[in-house]
Number of protein chains: 2
Amino acid sequence: MKELEERILADGKNMGGGILNVNSFLNHQVDCRLMVRIGQELASRFASDEATKILTAEISGIGPALEVGVALGIPVVFARKIWSVTMPRDSYERMVPSHTKGTMVQLIVARDFLTPQDRVLIIDDFLATGKTIGALADIVEESGSQLVGIGAVIEKSFEGGRQALAALGVPIESAVIIDSMEDHRIVFR
Amino acid sequence: MKELEERILADGKNMGGGILNVNSFLNHQVDCRLMVRIGQELASRFASDEATKILTAEISGIGPALEVGVALGIPVVFARKIWSVTMPRDSYERMVPSHTKGTMVQLIVARDFLTPQDRVLIIDDFLATGKTIGALADIVEESGSQLVGIGAVIEKSFEGGRQALAALGVPIESAVIIDSMEDHRIVFR
């Protein structure tokens, strides 16, 4: 997705250590209409997969997932990271390491919202090591629903997520793929 | 907003103690196209206010804020609750009590994204006591930008948020207003 590559080069910050800061247009401040176009782009890649539901993880997955959901006309479920009084005690739960927070975080999904009839598309902002998306895929499997695809806004291919998720046997699509962030540069595929 | 009132009556759960659980269509699972219509409804209430930016708080504010931003064609800034390595150490910060988590949470906004030239519209999912929105308004004031309005998806009038925020002197608009949740009922204005 050319527009997004250009925006990352213009406004993204390579912070070293493989950390790409896109806070000015994606993850803290959001360019809403760019997010709509990202959603349409990812939706087009999965248009024939008959997904019935999108699964993502709060916080930064919500924006892209919502816009893919708008484009496909299906609901989004976002895994919560902090328990709240509105969440049932008996929920699907996984622990995953957070890339940018340096801690383990919980992913919690209420059982009601993933059923064996669902065809689930996982959407997230980044595909890096694949651990968060892998945990979401685990939850999909536990729920008995069918995983039909994985979509990310930005893939950092050098962190191996695509290989880690290959065994799931579903299409993996990213709006942009970054092959290298060495020497303060950002190299797209 | 009639459609939202009907959806709350059909799918919302009055959990007692003033807690309205809308996890099935707004806060955990999201009906994306309903969210678009909520965004358009709130955007229409502020169409003449020349807002340049929307400010919200993660997590559940992101969906409605994004769709208001899409409708108005302006960016959204969402206050983060957990510090991450991509956030500058020198940010605007406020502590607020969380209604549904029973703890204090932090709101963090990078200074870069609110400028004295900005006209800011605050959007959140709930207007209850007004403490979260009040803290966001504090951040707007500290930044030197101008607050032009406050919009909420669901207002619980009996928690006094509108009165608490009245001194800010800006229009406050809610897509729906709930006047009572006593006796397991939900009474709209």
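User: Which residue in E8(A) is the bridge partner of Leu55(A)?
Analyst: In E8(A), Leu55(A) has Ile122(A) as its bridge partner. This is a predicted model, in which local features need pLDDT of at least 70 and side-chain atom pairs count only at pLDDT 80 or more, while totals for chains, interfaces and linings use all residues. Residues are numbered from 1 along each chain as its sequence is written, chains are lettered from A and ligands numbered from 1 in the order in which they are written, and side-chain values use heavy atoms, with hydrogens and water left out.

User: How many bridges join E4 and E8 of chain A?
Analyst: Three, between strand E4 (residues 53–57) and strand E8 (residues 119–127) of chain A, which run parallel. Strands (E, at least two residues) and helices (H or I, at least four) are DSSP runs numbered from the N terminus. Two strands pair if DSSP finds at least two bridges between them.

User: And what about E8(A) with E9(A), how many bridges?
Analyst: Eight bridges, again in the parallel sense. Val120(A) is opposite Leu147(A) of E9(A).

User: Is E9(A) mostly covered or uncovered?
Analyst: Mostly covered, with 10 of its 11 residues buried. Buried means under 20% relative accessible area, exposed over 50%, and partly exposed in between (1.4 Å probe, protein chains only).

User: What is the strand order in that sheet?
Analyst: The sheet is open, has seven strands with mixed pairing, and is ordered E11(A)-E10(A)-E9(A)-E8(A)-E4(A)-E5(A)-E3(B). At the edges are strand E11 (187–188) of chain A and strand E3 (29–30) of chain B, each pairing on one side only.

User: Which strands does helix H1 of chain A touch?
Analyst: H1 (residues 2–11) of chain A packs on the sheet and touches E9 (146–156), E10 (172–180) and E11 of chain A; its direction makes about 40° with that of E10(A). Contact means heavy atoms within 4.5 Å. Axes are lines fitted to C-alpha atoms, for helices over the stretch in contact, and angles run from 0 to 180 degrees between N-to-C directions.

User: Switching to H4(A). How many of its residues are buried?
Analyst: Nine of the 11 in H4 (residues 62–72) of chain A, so the helix is largely enclosed by the rest of the structure. The buried residues include Ile62(A), Pro64(A), Leu66(A) and Val70(A). Just after H4(A), Gly73(A) has a positive phi of about 70°.

User: Which residues make the contact?
Analyst: From H3(A), Cys32(A), Arg33(A), Met35(A) and Val36(A); from H4(B), Leu66(B), Gly69(B), Val70(B), Ala71(B) and Leu72(B). By class, that gives seven nonpolar, one polar and one charged residues. Ala, Val, Leu, Ile, Met, Phe, Trp, Tyr, Cys and Pro count as nonpolar, Asp, Glu, Lys and Arg as charged, and the others, Gly among them, as polar.

User: Last one, Asn14(B). Buried or exposed?
Analyst: Asn14(B) is buried, with a relative accessible area of 15%. Its place is in strand E1 (residues 13–14) of chain B.

User: What does the Asn14(B) side chain reach at 3.0 Å?
Analyst: The backbone nitrogen of Gly16(B). A polar side-chain atom of Asn14(B) also lies 2.8 Å from the backbone oxygen of Met181(B). A polar contact is a pair of N or O atoms within 3.5 Å; within protein, one must be able to donate a hydrogen and the other to accept it, and residues adjacent in sequence count only if both atoms are side-chain atoms.
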